[in-house]
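Dear colleague,

Please find below the sequence and the structure that I am handing over to you. My notes on what was found follow directly after.

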Amino acid sequence: MMEELEKQKREVLAHLEAIGRLKSPEIKRAMLKVRRELFVLPEYKEEAWVDAPLPIVGKATISAPHMYVIMLEAVKLKPGERVLEVGSGSGYGAALIKEIVKRGKVITIEIVPEVCEFARKNLKRAGYKTVKVICGDGSQGFPKEAPYDSIIVTASCPEIPKPLIEQLKVGGRLVAPVGGISGGQDLIYLEKTKEGIKTENLGPVIFLELKGKYGWRT
Ligand code: SAH
């Protein structure tokens, strides 16, 4: 079974390279290294490397491998950087970020306590003991550890939450799905420069909704 997963992983990554999505050697290294099967429910282990989202606990999902590749290529993380992930889910995204920033600091925040515990447990078991998992409302960011070089939002926002922009350093990069709850969103890239805020639309995506103060009131 391990060999089968390894083969599927290489196929998914080769495809993402062939279509020009996966470009950076550091991101490829991280995708090869993190054992995605440790971040899915036991009953989905064999499907861990199908390039699709999978249900985890609560109503949450672990995003598809290609989605992490797209978000990580966009924010261009460097070793030593300080990164906030909003929406820990399985913890898989945080593990990938940690592999890229290495000695840098990774903070991931999750609003659903059960999901927060799931992420914490998975990260620990996979050996990512220094990733900080916070249980709370990430739509307000996490000011205590700010400012960040990068913020990755993995739940769909009505608009990019103001506190997240405030908590970015100058030169900081953010990605977030912005748009409605049903029917998908646009993945928005935002960069905070000395001259101001620069944004770019990276195309259509589908994420679960962001809850909390700056999220959707449901
Ligand atoms: N990055 C995850 C996938 C996240 S799915 C992974 O690697 O597996 C989106 C997650 O965002 C869900 O777990 C959901 O509970 C969480 N979420 C929604 N609103 C949030 C908020 N305001 N703060 C933190 N997490 C939130």
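This is a predicted model: local features need pLDDT of at least 70, side-chain atom pairs count only at pLDDT 80 or more; totals for chains, interfaces and linings use all residues.

Residues are numbered from 1 along each chain as its sequence is written, and side-chain values use heavy atoms, with hydrogens and water left out.

Seven strands form an open sheet with mixed pairing, in the order 5-4-3-6-7-8-9. Its edge strands, each pairing on one side only, are strand 5 (132-135) and strand 9 (196-205). On average, neighbouring strands of this sheet are turned by 15° against each other, direction ignored. Helices (H or I, at least four residues) and strands (E, at least two) are DSSP runs, numbered from the N terminus; two strands pair if DSSP finds at least two bridges between them. Angles run from 0 to 180 degrees between N-to-C directions, the axes being lines fitted to C-alpha atoms, for helices over the stretch in contact.

Strand 3 (residues 82-86) runs parallel to strand 6 (residues 148-153), and four bridges join the two. Within this pairing, Leu84 stands opposite Ile151, and Val86 has Val153 as its bridge partner. Strand 6 also pairs with strand 7 (residues 168-178), again in the parallel sense and over four bridges; here the partner of Ile151 is Leu174. Six of the six residues of strand 6 are buried (under 20% relative accessible area; exposed is over 50%, partly exposed in between; 1.4 Å probe, protein chains only), so strand 6 is largely enclosed by the rest of the structure.

A buried arginine

Arg36 is located in the loop between helix 2 (25-33) and strand 1 (54-55). Although buried, Arg36 has no salt bridge, and the nearest side chain of opposite charge, that of Asp51, is 6.3 Å away. A salt bridge is a side-chain nitrogen of Lys or Arg within 4 Å of a carboxyl oxygen of Asp or Glu. A polar atom of the Arg36 side chain does lie 2.7 Å from the backbone oxygen of Ala48. Leaving aside neighbours within four places in sequence, Arg36 is in contact (heavy atoms within 4.5 Å) with residues including Trp49, Ile62, Tyr68 and Tyr92.

Salt bridges

The whole structure holds 14 salt bridges. One of them joins the side chains of Glu145 and Lys132, at 2.6 Å from N to O. Glu145 lies in the loop between strand 5 and strand 6 and Lys132 in strand 5, so this pair ties together parts that are 13 residues apart in sequence. Glu145 is buried at 12% relative accessibility, whereas Lys132 is partly exposed at 27%.

Salt bridges that share partners also join Glu6, Lys9 and Arg10 into one network. Within it, the side chains of Glu6 and Arg10 meet at 3.5 Å, N to O. These two residues are four apart in helix 1 (residues 2-18), and are therefore separated by about one helical turn. Glu6 is partly exposed at 30% relative accessibility, as is Arg10 at 48%.

A further salt bridge links the side chains of Lys78 and Glu81 (3.6 Å, N to O). Lys78 is partly exposed, with a relative accessible area of 45%, while Glu81 counts as buried at 8%.

Helix 3 (residues 65-75) is mostly covered, with ten of its eleven residues buried; among them are Pro65, Tyr68, Met71 and Glu73. Just after helix 3, Lys76 adopts a positive phi of about 45°.

Leu38 is found in the loop between helix 2 and strand 1 and is buried, with a relative accessible area of 11%. Leaving aside neighbours within four places in sequence, Leu38 is in contact with Asn122, Arg125 and Ala126. The C-alpha atoms of Leu38 and Leu84 are separated by 21 Å, the two residues being 46 apart along the chain.

With kind regards

Note on methods:
Lys and Arg count as positive and Asp and Glu as negative; His and the chain ends are not counted. A polar contact is a pair of N or O atoms within 3.5 Å; within protein, one must be able to donate a hydrogen and the other to accept it, and residues adjacent in sequence count only if both atoms are side-chain atoms.
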